[in-house]
Amino acid sequence: RLRLGFTVIAWGNTIGDFMTCTALAHMGHAPIAFTGVVAGPLFNDLIGLGAALLVLVWKKGSTTLFEGGWPSHIVAPLSACVTCIGCAVMVMASMAWLDPRASSRTWPIILSCSYLAFLGYMWHATLHVM
């Protein structure tokens, strides 16, 4: 289930944003596309998780997400996600600082390699979970 979540579901959930931001960049609206790349997932994470927790608490009054703490099979994938997001933020901040016009092809290569490293790690980390 974890593999399905970080591949097929994640790709299906973001394909619309990907196509929209790519089209905006092709039309010369790179700042809008960049903002959409950052703001879309932030909205999904904060508002989506917040709404889900609100509904859960509203139905049950109060709840415990994980009895006895976080499940062990979630810790490594969650750590990998946080690490990859941190890496992407550092790369984008470096890009904004060092190459504001994003004229180098190095930046998309670095970001793509970071994502491939994340996928490779997640695939390996979930071998024992299945």
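Which residues in helix 3 meet which residues in helix 4? The legends below take up this question after an overview.

**Figure 1. The whole chain is built from four helices and zero strands.** This is a predicted model, in which local features need pLDDT of at least 70, side-chain atom pairs count only at pLDDT 80 or more, and totals for chains, interfaces and linings use all residues. Residues are numbered from 1 along each chain as its sequence is written, and side-chain values use heavy atoms, with hydrogens and water left out. Helices (H or I, at least four residues) and strands (E, at least two) are DSSP runs, numbered from the N terminus. Along the sequence the pattern reads α-α-α-α. The C-alpha trace spans about 50 × 35 × 25 Å along its principal axes. Of the 130 residues, 15% count as buried; buried means under 20% relative accessible area, exposed over 50%, and partly exposed in between (1.4 Å probe, protein chains only).

**Figure 2. Helix 3 and helix 4 meet along their sides through the residues named here.** From helix 3 come Ala 76, Pro 77, Ala 80, Cys 81, Cys 84, Cys 87, Ala 88, Val 91, Ser 94, Met 95 and Leu 98, and they meet Trp 107, Ile 110, Leu 111, Ser 114, Phe 118, Tyr 121 and Met 122 in helix 4. Contact means heavy atoms within 4.5 Å. By class, this contact has 16 nonpolar, two polar and no charged residues. Here Ala, Val, Leu, Ile, Met, Phe, Trp, Tyr, Cys and Pro count as nonpolar, Asp, Glu, Lys and Arg as charged, and the others, Gly among them, as polar.

**Figure 3. The axes of helix 3 and helix 4 come within 10 Å and cross at roughly 175°.** Helix 3 is therefore roughly antiparallel to helix 4, a description used for angles over 145 degrees. Axes are lines fitted to C-alpha atoms, for helices over the stretch in contact, and angles run from 0 to 180 degrees between N-to-C directions. Helix 3 comprises residues 72-98, and its 27 residues reach 39 Å from the first C-alpha to the last, close to the 39 Å expected at 1.5 Å a residue. The expected span is 1.5 Å times one less than the number of residues.

**Figure 4. The largest nonpolar core has six residues in all.** Its members are Phe 6, Ala 80, Cys 84, Phe 118, Leu 119 and Met 122. A nonpolar core is a set of buried Ala, Val, Leu, Ile, Met, Phe, Trp, Tyr and Cys residues joined through side-chain atoms within 4.5 Å. Beyond residues up to four places away in sequence, Phe 118 touches Ala 80, Cys 81 and Cys 84.

**Figure 5. Ser 114 lies in helix 4.** Ser 114 is buried because its relative accessible area is 16%. Leaving aside neighbours within four places in sequence, Ser 114 is in contact with Cys 84 and Cys 87.

**Figure 6. Val 57 lies in helix 2.** Helix 2 (residues 30-60) has 31 residues and reaches 44 Å from its first C-alpha to its last, close to the 45 Å expected at 1.5 Å a residue. Val 57 has a relative accessible area of 37%, so it is partly exposed. Not counting residues up to four places away in sequence, Val 57 touches Ser 62 and Thr 63. Just after helix 2, Gly 61 takes a positive phi of about 85°.

How values were computed. Parallel < 35°, antiparallel > 145°, perpendicular 65-115°, else oblique.
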